[in-house]
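Have a look at the structure first, then read on.

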Amino acid sequence: MTDPAATRHGPGRILILVYGVFALAATARAGVQIATQFSEAPIAYVLSAVAAVIYCAATFALARATKLSRRVAYAAIVVELVGVIGIGAFSYAVPEDFPDATVWSHFGQGYGFVPLVLPVLGLLWLRRTR
């Protein structure tokens, strides 16, 4: 039987912390980019904002640790993984749409590829605490 609270214990605390840092960083960066440079790369900046929302959802869902929040965390993390792979590939295919780095462009290269590894760790943790 699943203990929903297991996601916020042990290594889950570190995972929640990293998600929280990315939620804050992506939100701040997207906010500044949209407010000051939106016309330069609207696609990239909107995608940064979407990433920020997904990081926030994953952070709160992992920290909340209920049966419903586990489902939300799983959905958010799967969308995150698909997003980082899809946007990462798209940013190489159409580099002119990404004049500035975003969280997911180039598979998170500007963030040490943590955005590529984080959803894998998140899914493994959800599976481990199942």
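In which helix is valine 32 found? Valine 32 sits in helix H1, where helices are DSSP runs of H or I with at least four residues, numbered from the N terminus. This is a predicted model, so local features need pLDDT of at least 70 and side-chain atom pairs count only at pLDDT 80 or more, while totals for chains, interfaces and linings use all residues. Residues are numbered from 1 along each chain as its sequence is written, and side-chain values use heavy atoms, with hydrogens and water left out.

**Valine 32**
- At 52% relative accessibility, valine 32 counts as exposed (buried is under 20% relative accessible area, exposed over 50%, and partly exposed in between, with a 1.4 Å probe and protein chains only).
- Valine 32 and proline 95 are 63 residues apart in sequence, and their C-alpha atoms are 21 Å apart in space.

**Helix lengths**
- H1 (residues 11-37) has 27 residues and should span 39 Å at 1.5 Å a residue; its end C-alpha atoms are 38 Å apart, which agrees (the expected span is 1.5 Å times one less than the number of residues).

**H1 against H2**
- H1 and H2 pack at an angle of about 155 degrees, with their axes 8 Å apart (axes are lines fitted to C-alpha atoms, for helices over the stretch in contact, and angles run from 0 to 180 degrees between N-to-C directions).
- The H1/H2 crossing is left-handed, as the near helix is turned anticlockwise from the far one by less than a right angle.
- Among the residues making this contact are Phe22 and Gln33 of H1 and Tyr55 and Cys56 of H2 (contact means heavy atoms within 4.5 Å).
- By class, the contact of H1 with H2 has 16 nonpolar, six polar and no charged residues (Ala, Val, Leu, Ile, Met, Phe, Trp, Tyr, Cys and Pro are nonpolar, Asp, Glu, Lys and Arg charged, and the others, Gly among them, polar).

**H3 against H4**
- H3 (residues 67-93) and H4 (residues 114-128) pack at about 150 degrees, with their axes 9 Å apart.
- H3 and H4 are therefore roughly antiparallel to each other, and their crossing is left-handed.
- Residues in H3 including Arg70, Tyr74 and Glu80 meet residues in H4 including Pro115, Gly122 and Leu126.
- The contact of H3 with H4 has 14 nonpolar, one polar and two charged residues.

**Buried faces**
- The buried residues of H1, including Tyr19 and Gln33, pack against H2 (42-64), H3 and H4.
- In H2, Tyr45 and Leu62 are among the buried residues, and what covers the buried residues includes H1, H3 and H4.
- H3 has Arg70 and Glu80 among its buried residues, which pack against H1, H2 and H4.

**Loop residues with positive phi**
- Alanine 65, in the loop between H2 and H3, has a positive phi of about 60 degrees although it is not a glycine; at 7% relative accessibility, alanine 65 counts as buried.
- Phenylalanine 107, in the loop between H3 and H4, also has a positive phi of about 60 degrees without being a glycine; at 23%, phenylalanine 107 counts as partly exposed.

Conventions. Helices (H or I, at least four residues) and strands (E, at least two) are DSSP runs, numbered from the N terminus. Angles under 35 degrees count as roughly parallel, over 145 as roughly antiparallel, 65 to 115 as roughly perpendicular and the rest as oblique.
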